Amino acid sequence: MYKKLDAYLEEISHFLSGREEREEILAEIRSHILEKAAQEFGEVTEEALEKVIAAYGPARRVAEKYLEGSLIIAPAYRRFLFRYTALLFSIHFLFTVIAIISKRSFIMFPFIYMPRLGVAEAILYLPTAFLTDLGIVAIVLYFVTQSGKEIKLPWPRFAVDLEEMKAPATKTLLKRVGILVGMTVMLALTGVAVWLYTKFQTIFLVNFNLEEARPILMPEPGRRISLIIIAMFAAATLSLFLKLLTSSRWVNVVSNCVSLTLIGLILSQPFDNLFAIDVPERLLPNIKHGLTVLLLFIAIMTTIDLIKNLVYLGRKKLAK
Amino acid sequence: MNPEIANFETEMNRGFLQILVLALLEEEMYGFSMVRTIRELGYEVEENTLYPLLRRLEKNGWVKSKWDLREDRPRKFYVITASGRKLRHELLGIWRKQDEVLKRILKEKTHV
């Protein structure tokens with residue numbers, strides 16, 4: 001029994017787990033190490049073995065040399081991991097939005113089950129959905145790789161634009177001025193909104209007569225929606241400020257996520273008994289649908305932008 | 001050694017080591033004796049690279065092996081096969097061609 005040698009072989013064995021020829025590999029390494037120790041140090045002692053093992057290399061590196069060539073996902077398919085995950089997740093995201101708005105669960109057997117979700121649950125649900133999508137795509141690509149066949153994976157044409165998407169160019173002076181102006185406007189809007197809210201507990205007013213201000217919305221929903229809008233203004237201001245300092249796409253990603261969350265929060269607000277002013281009954285469904293369509297349109301555009309940014313970041317990481 | 005050079009050497013060794021092993025295995029040898037012989041020839045080979053290479057060559061039928069259990073310590077002996085000889089012939093042809101190209105460049109372009 002040679003303690004150090006056994007421990008070393010045990011470690012290599014751990015990294016080789018699953019390989020049928022493992023025992024033979026270990027037997028050969030054992031034979032080599034014992035022979036070298038005997039030849040170079042005269043006898044096999046723990047000290048001699050320690051030196052020979054050190055020269056043979058770390059267990060993980062040794063094991064990896066036997067594993068070379070056995071890829072989990074072939075390099076040619078790696079880019080599809082991000083592409084397909086982004087595509088699958090965008091579909092998942094769309095279903096999530098539909099589940100929030102429709103306030104019911106639905107099933108598309110055997111592909112998808114969408115439970116009834118509120119906004120808070122959706123925020124917890126989406127990361128899980130993302131990991132599931134990533135896992136499904138990884139498993140498919142694993143089997144494609146293991147098949148060893150030349151499989152040309154499909155990808156819609158619009159992907160070319162994403163693929164060729166370049167990193168944001170260095171900001172020109174004009175662009176910086178544009179961002180600065182945008183930020184100033186958003187800051188002013190945020191300031192006015194905060195001021196109105198602190199004074200009237202709402203930012204939705206019929207008139208600007210400060211002595212007799214009349215709110216458009218009922219007090220409670222008015223407060224909630226005002227706070228969400230103020231948060232949107234503040235987030236946009238902060239995002240523009242950060243864009244002055246950095247070109248990182250993470251700023252866009254975070255900004256997109258915050259926007260989507262806030263849009264989701266607005267969409268989840270009850271519409272009944274919303275108005276404090278007289279609105280003709282027949283107009284109410286039109287207003288409701290109009291607002292929903294508008295918010296959904298903004299949500300879809302934001303989602304597309306989010307996916308573009310995520311795909312770009314994924315590709316950038318891959319390129320590195 | 002400069003790590004960049006070491007990386008290049010590892011890359012170059014990949015191909016060279018295959019020819020070297022196929023050339024050595026005309027007679028039966030075991031891993032440790034191959035390492036020692038190569039060292040005596042003035043070249044160094046990483047032991048932990050040699051064995052996986054031998055395994056790959058064996059998997060493809062270019063060498064075959066058998067365990068010798070007669071001594072105190074079991075040894076795995078390798079020897080080249082007929083298809084291994086054919087492969088060696090092809091690889092040596094490629095290597096000679098590469099060598100020839102390099103020699104011609106070195107002869108014509110004295111700055112290299």
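User: Two bridges join β1(B) to β3(B). Why are these two called paired strands?
Analyst: Two strands pair if DSSP finds at least two bridges between them. β1(B) and β3(B) have two bridges, so the pair meets that cut-off. They run antiparallel, and Met29(B) stands opposite Tyr78(B) in β3(B). A strand here is a DSSP run of E with at least two residues, and a helix is a run of H or I with at least four, each numbered from the N terminus.

User: Where do these chain letters and residue numbers come from, and what kind of model is this?
Analyst: Residues are numbered from 1 along each chain as its sequence is written, while chains are lettered from A and ligands numbered from 1 in the order in which they are written. This is a predicted model, in which local features need pLDDT of at least 70, side-chain atom pairs count only at pLDDT 80 or more, and totals for chains, interfaces and linings use all residues.

User: How do you know how confident the predictor is in each chain?
Analyst: pLDDT is the predictor's confidence in each residue, from 0 to 100. Chain B averages 90, with 97% of the residues scoring at least 70. Chain A has a mean of 85, and 92% of its residues reach 70 or more. Among the elements of chain A, helix α7 (residues 159-163) has the lowest mean, 47, and α3(A) the highest, 94. For the complex, the predictor gives an ipTM of 0.86 and a pTM of 0.55.

User: What makes β1 and β2 of chain B edge strands?
Analyst: The three strands form an open antiparallel sheet in the order β1-β3-β2 (chain B). β1 (29-30) and β2 (63-68) of chain B each pair on one side only. β2(B) and β3(B) pair over six bridges, and a hairpin joins them through six residues. In that pair, Lys66(B) stands opposite Phe77(B) in β3(B).

User: How do you know whether the span of helix α4 of chain B is close to the expected one?
Analyst: The expected span is 1.5 Å times one less than the number of residues. Helix α4 (residues 82-108) of chain B has 27 residues, and the expected value is 39 Å. From its first C-alpha to its last it reaches 39 Å, close to that value.

User: Why is α4(B) called hardly covered?
Analyst: A residue is buried if 20 or more other C-beta atoms lie within 10 Å of its own, exposed if 12 or fewer, and partly exposed in between, with C-beta atoms placed from the backbone. Two of the 27 residues of α4(B) are buried.

User: What makes a residue of chain B part of the side that touches chain A?
Analyst: Two residues are in contact if their C-beta atoms, placed from the backbone, lie within 7 Å. Twelve residues of chain B are in contact with twelve residues of chain A. The largest share of the chain B side, six residues, comes from α3(B).

User: Why is a set of residues called a nonpolar core?
Analyst: Its members are buried Ala, Val, Leu, Ile, Met, Phe, Trp, Tyr and Cys residues joined through C-beta atoms within 7 Å. The largest such core has 35 residues; among those touching the most other members are Leu49(A) and Leu54(B). Not counting residues up to four places away in sequence, Leu49(A) touches residues including Ile33(A) and Val44(A). Another core, of 16 residues, lies apart and includes Val97(A) and Leu260(A).
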